Amino acid sequence: MMTSNEIRSAFLRFFEESGHRVVRSSSLVPAGDPTLLFTNAGMNQFKDVFLGKEKRDYKRATSSQKCVRAGGKHNDLENVGRTARHHTFFEMLGNFSFGDYFKEEAIAYAWAFLTEVARLPKERMVATIFRGEGDVPRDEQAWRLWRRFLPEDRIFELGMHDNFWTMGDTGPCGPCSEVHYFQGDHIYCAEEAAGRKCLGVACECDRWIEIWNLVFMQYDRGGDGSMQPLPAPCVDTGMGLERLAAVVQGKFSNYDTDLLQPLIQEAARLSGKAYGADPKDDVSLRVIGDHVRAATFLVSDGVVPSNEGRGYVLRKIVRRAARHGKMVGLEKPFLCGMVAMVCELMGEAYPEIIENRAVIESVLRREEEVFGSTVSVGVAKLLESAAALTPPDDKAIPGEVLFKLYDTFGFPLDLAEEIARERGLSLDIDGFNAAMQRQRDLARQSWKGEMDTQRGRELADLGAKSLFVGYETTRVDGATCILLLKEGKRVAKAVAGDLVEIAFDRTPFYAESGGQVGDTGQIIVEDGLLKVTDTKKPLEGLILCEAMVQEGHISEGDHAILEVDERSRAATEAHHTSTHLLHAALREILGTHVKQAGSLVGPTHLRFDFHHFAPLEPEVVAAVEDRVNEVILKNLPVQKREMALDEAVASGAMALFGEKYGERVRVIGIEGFSKELCGGTHVDRTGDIGLFKITSERSVSSGVRRIEAVAHFPALLAFREKESILRETEAACFAPAEKLPEVVRHLYEEIRRIEKENSRLKLQLASGSSQEQKPIEVSGVRLLTRLVEGLDPSEAKNLADTLRQQIKSGVVVIGNRLENKASLLVALTPDIAGKLKAVDIAKDLGKIIGGGGGGKADIAEAGGKKPESLEEALGQASEVLKKRLGG
């Protein structure tokens, strides 16, 4: 029986021996594709090749691609662990043809691998083809090709929904052909249970499972829906390793394969549970096994937990695993301890997880610890909401509250249900589901992205290509204008006042990429002058300058002088090389777990995000700054070489998170200190940077820090600005620079003393009694009202405590006028809290001041926009109290 590692290796070897280039898996974070939250298919990294926007030096490829499907339209996280084949992380085996072979070879390869290499029994496999629908004909060719291997009764025809693939509303598309494997009639089928016949390959049951999908891209769908044949048809196939392993290893569930069982058994060992003994525990153990793989690979590829985008999905995955850990008795962080096993199982195929193990463990440990504390906060929030209810009419905790707890704190719905049941309350499940659906819809809209495919294809069809010569020079004489666009449309000529996008056959202008901003400068033609404000690269090989025609005119075919703003370029280059030095210095001083998580390099400053889990102490910041400046002062040469990607990685060059690399890459090295893959522009020697100064260091998300810094001439400007501020402060404080810390400290202490005294006097004034503010008795309960001006929330609560002490037993209502707003604070003494709820009184009085109320049983607040109604609200307090007491 083949292991999963053997299946993966055999697949890649089979296609390599068939003339395919083995291409390493791309990152789970798609580079340059806003349509994707995560890489979710093998073809993602070849998307531009299929669209004709990128050329490679091979026409056949094969890969084992790491994928994640969770979040966005794949928001079915709750199914993971409950079914045999739902996963967050999985591997997609695939082979691809870019205008080389087509259906005949693709089908023959698939059958040969499955029967000769994987040795699956032929009699258990069937194929599906596209039956034709609308104007798209039946796939006769696929049917004939499958007949070489299968009898007619084992070739099934399905429609557009099942057997036709599209990349989007327009663009490449075509019929699919799927291979299905029969698992047996003993498997449960809902159709059969209902007295109907099992639908076979079209059925939702698991008797037949799809194991390989062959996509034949042979049409180009236009905006009007019409289909035109592609001049060079392509092949894109995908086969989930987990499914194939289950079939090869004779397992019904993917979770029973050697990909996941070791992790499930480890979770069982840690929890003291036996897998297979309790269905509920089994779900939790499967969730943990699946989720720890996903979390390991996501963190390895630079994703960190956060409250938005990819980080939000990772946070949900980690917290769901942690919740299921608690359900099987794992109270302390445990996922971080399982990373080693993931590395052991998958590190040979994906060595990056071994390299990043320390940072993965740190991120997961921190997130589990944070989750433990947020559960406590969630319980408090839930109890607060429950206290605001007024049974028997109002006994359901609102769905919006439940969803906020789930979404913000990762608070489990089943735990909420348990707490509610203990208090005789229920949950508004319909409201929760409605809020969940709204969130899913927003996620779908947020990440559908709608790539500008049509524009990209239109530009590609124009055939315009720019040769970038900006590594060698910042000026080109005699460049030819090959493309002129105005408002996105091609024009022959542009005149003064026009905003245009313009391309030349040769250009020194660097297009924005890799964190480096696009160049600015000017374009000079015989009859005109253009100011370049930015430079972009909408597709590989085409560089477009965004420019304003300031004088005269320009036409396609004109010859021009292209001049990059040299001062801006020099500062940008200094900042870019500085990021490499900074990265190396951070790794040297803090540890090799430090990895770049993003950057911005421009002419005025640099911004560098990196993985680290604690603020940098001032002395550490100084040490990093010193180390970078030491290398600058050595005036070392900055080496720039181009080589094959695999060769570059093998030489020790670092590949950076979120970057998309071609087969040939540029390597930037500073001997003995730094070596990275980078396509940006750089100084020739480190001394050209001049001076490096860190201006700030802070957190941007959990586990990610950000350093901002300046170098070159902007560093001088920064020092000059600080000096100017220092001189102004000296003048304002009548003190020399060396005395300023002491003077400012004294001023601050004096301000704090005055503020405290002011607060004390306001409280004393507000708590002073008068004839009309004596307590009154309402149905046997004392009521004291007080109207005040300008108290902040803490001062109002302090006043409430003082007044409660004064009346000893009863209700205090404080009306507080704050500029154009009004607030009410209702506080009960402990002996009254059992008879009344402060939040009910606050809600009733809040309506009078044009707002609402909320809070706890013993103290609550109401806010409104009608300060003129505060006296009325205080006057009505006795009636509200009487009503609430049933008087």
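Me: Which helix holds D646, and what distance separates the C-alpha atoms of D646 and R24?
Reply: In this predicted model, D646 sits in helix α20, residues 645–650. D646 is exposed, at a relative accessible area of 56%. R24 is 622 residues away from D646 along the chain, yet the separation of their C-alpha atoms is 9.3 Å.

Me: Is R293 buried or exposed, and which side chain does R293 join in a polar contact?
Reply: R293 belongs to helix α9, which covers residues 279–300. Its relative accessibility is 0%, under the 20% limit, so R293 counts as buried. Leaving out residues up to four places away in sequence, R293 touches F89, F90, E242, L259, L260, L263, V342 and M346. The polar contact of 2.9 Å is between the side chains of R293 and E242.

Me: Within what arc do the buried residues of α11 fall, seen down its axis?
Reply: Helix α11 runs over residues 335–346 and reaches 16 Å from its first C-alpha to its last, close to the 16 Å expected. Its buried residues are L335, C336, M338, V339, V342, C343 and M346. They line one face of the helix, because seen down the axis of α11 they fall within an arc of 165°.

Me: Which exposed residues does α11 carry on the face turned away from its buried side?
Reply: The buried side of α11 includes V342 and M346, and both of these residues are touched by R293. The face turned away from that side carries the exposed residues G337 and E344.

Me: How many disulfides does the structure hold, and how far from C173 is the nearest cysteine sulfur?
Reply: The structure holds 0 disulfides. C173 is therefore in none, and a pair would need sulfur atoms within 2.5 Å. C173 is buried, with a relative accessible area of 1%. The nearest cysteine sulfur is that of C176, at 10 Å.

Me: Where does E487 lie, and what is its phi?
Reply: E487 lies in the loop between β13 (475–486) and β14 (489–490). This residue is exposed, at 75% relative accessibility. Most residues other than glycine have a negative phi. E487 is not a glycine, but its phi is positive, about 55°.

Me: Where is N635 found, and is N635 buried or partly exposed?
Reply: N635 also has a positive phi, near 55°, in a residue other than glycine. The residue is found in the loop between α19 (618–633) and β24 (638–644). Its relative accessibility is 32%, so N635 counts as partly exposed.

Me: How many residues apart in sequence are the parts tied together by K486 and D498?
Reply: K486 forms a salt bridge with D498, with the closest N and O atoms 3.2 Å apart. K486 is partly exposed at 30% relative accessibility, whereas D498 is buried at 11%. K486 lies in strand β13 and D498 in the loop between β15 and β16, so the pair ties together parts separated in sequence by 12 residues.

Me: Which strands are linked by the salt bridge of R706 and D609?
Reply: The closest N and O atoms of R706 and D609 are 2.7 Å apart. Both residues are buried, R706 at 15% and D609 at 9%. The pair is 97 residues apart and links strands β28 and β23.

Me: Which residues are linked with K66 in a network of salt bridges?
Reply: The structure holds 45 salt bridges. Among them is the pair of D684 and K640, at 2.9 Å from N to O. In the network, K66 is linked with D301 and E352.

Notes. Residues are numbered from 1 along each chain as its sequence is written. This is a predicted model: local features need pLDDT of at least 70, side-chain atom pairs count only at pLDDT 80 or more; totals for chains, interfaces and linings use all residues. Side-chain values use heavy atoms; hydrogens and water are left out. Helices (H or I, at least four residues) and strands (E, at least two) are DSSP runs, numbered from the N terminus. Buried means under 20% relative accessible area, exposed over 50%, partly exposed in between (1.4 Å probe, protein chains only). The expected span of a helix is 1.5 Å times one less than its number of residues. The arc is that of the directions from the helix axis to the C-beta atoms. A polar contact is a pair of N or O atoms within 3.5 Å; within protein, one must be able to donate a hydrogen and the other to accept it, and residues adjacent in sequence count only if both atoms are side-chain atoms. Contact means heavy atoms within 4.5 Å. A salt bridge is a side-chain nitrogen of Lys or Arg within 4 Å of a carboxyl oxygen of Asp or Glu.
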